[in-house]
Amino acid sequence: MTPNTSGSVLFQALRTWASGASADRAALNLLVEHGHWLDRRDVVTGYVRWVPEEGQTRPAEPLATLDWAGLADALDRGDLAASSSQEAVLRIALSLAGVRPVDLRQALTGLGWASVGPVCGAVATAAQAEHQVLVTVVPPARPAFLDEEEL
């Protein structure tokens, strides 16, 4: 039986695994902060591996790995349905994890405004500047014609 497969236990177990390299932390934190991929049952059950495997002695704190290559293959095959913004976030995370290079021009123009903050945060983390950079994303302004009074 594996530990809790969602929420804070999962996130902490994955963060423990990715704590060594800034690019790995950036890739994982991007998925956690984006809030889509690690909330999907198919992703968690198919691509998260708890360490150690069933029947082995468990470490003091939960530890899990993410099968980045498996995720990349599933995305390339079209097995992971997603919006263009969700797909762009996963592709950026896969690139940060060193699995697949990403075309930033294509990936960044495919982002929804709510994904910009997590992506910028991931770039700061990968550059080891997460404590020096504060990213704030302001929702888009309402079009002016919506605020005008009717004549």
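These legends walk through several close-up views of one predicted model.

The model is predicted, so local features need pLDDT of at least 70 and side-chain atom pairs count only at pLDDT 80 or more, while totals for chains, interfaces and linings use all residues. Residues are numbered from 1 along each chain as its sequence is written, and side-chain values use heavy atoms, with hydrogens and water left out.

**View 1. Arginine 100 and its two aspartate partners.** Side chains of opposite charge can pair when their charged atoms come close. Here a salt bridge means a side-chain nitrogen of Lys or Arg within 4 Å of a carboxyl oxygen of Asp or Glu. Arginine 100 forms one with aspartate 73, at 2.6 Å from N to O. That pair links distant parts of the chain, 27 residues apart: aspartate 73 belongs to helix H4 (residues 68-77), and arginine 100 to the loop between helix H5 (84-96) and helix H6 (104-109). Helices (DSSP runs of H or I, at least four residues) and strands (runs of E, at least two) are numbered from the N terminus. Arginine 100 also meets the side chain of aspartate 76 in a salt bridge of 3.0 Å, N to O. Because arginine 100 lies in the loop between H5 and H6 and aspartate 76 in helix H4, this pair ties together parts that are 24 residues apart in sequence.

How open are these residues? Buried means under 20% relative accessible area, exposed over 50%, and partly exposed in between (1.4 Å probe, protein chains only). Aspartate 73 is partly exposed at 35%, aspartate 76 is partly exposed at 43%, and arginine 100 is partly exposed at 27%.

View 2. The side chains of glutamate 87 and arginine 91 meet in a salt bridge of 3.0 Å, N to O. These two are 4 residues apart in helix H5, so about one helical turn separates them. Glutamate 87 is partly exposed, with a relative accessible area of 30%, and arginine 91 is partly exposed at 27%. Asp73, Asp76, Glu87, Arg91 and Arg100 are linked in a network of salt bridges. The whole structure holds 8 salt bridges.

**View 3. Serine 95 in helix H5.** Look for serine 95 in helix H5, where it is partly exposed at 25% relative accessibility. Leaving aside residues up to four places away in sequence, serine 95 touches Arg100, Pro101 and Val102; contact means heavy atoms within 4.5 Å. Its C-alpha atom is 9.7 Å from that of alanine 72, a residue 23 places away along the chain.

View 4. Helix H2 (residues 22-34) has 13 residues and should span 18 Å at 1.5 Å a residue, which agrees with its end C-alpha atoms being 18 Å apart. The expected span is 1.5 Å times one less than the number of residues. Among the buried residues of H2 are Ala26, Leu30, Leu31 and His34. The buried residues of H2 pack against helix H1 (7-17), strand S2 (63-66), H4, H5 and H7. Glycine 35 follows H2, and its phi is positive, near 75 degrees.

View 5. Trp113, Val116, Val133, Val135 and Val137 make a nonpolar surface patch of about 370 Å². Patches are made of residues with over 30% relative accessible area and no salt bridge, with like charges joined within 9 Å and nonpolar side chains (Val, Leu, Ile, Met, Phe, Trp, Tyr) within 5 Å. Accessible areas come from the Shrake-Rupley method with a 1.4 Å probe; for residues, only the protein chains shown count as cover. Valine 133 lies in the loop between helix H7 (113-126) and helix H8 (144-147), and counts as partly exposed at 42% relative accessibility.
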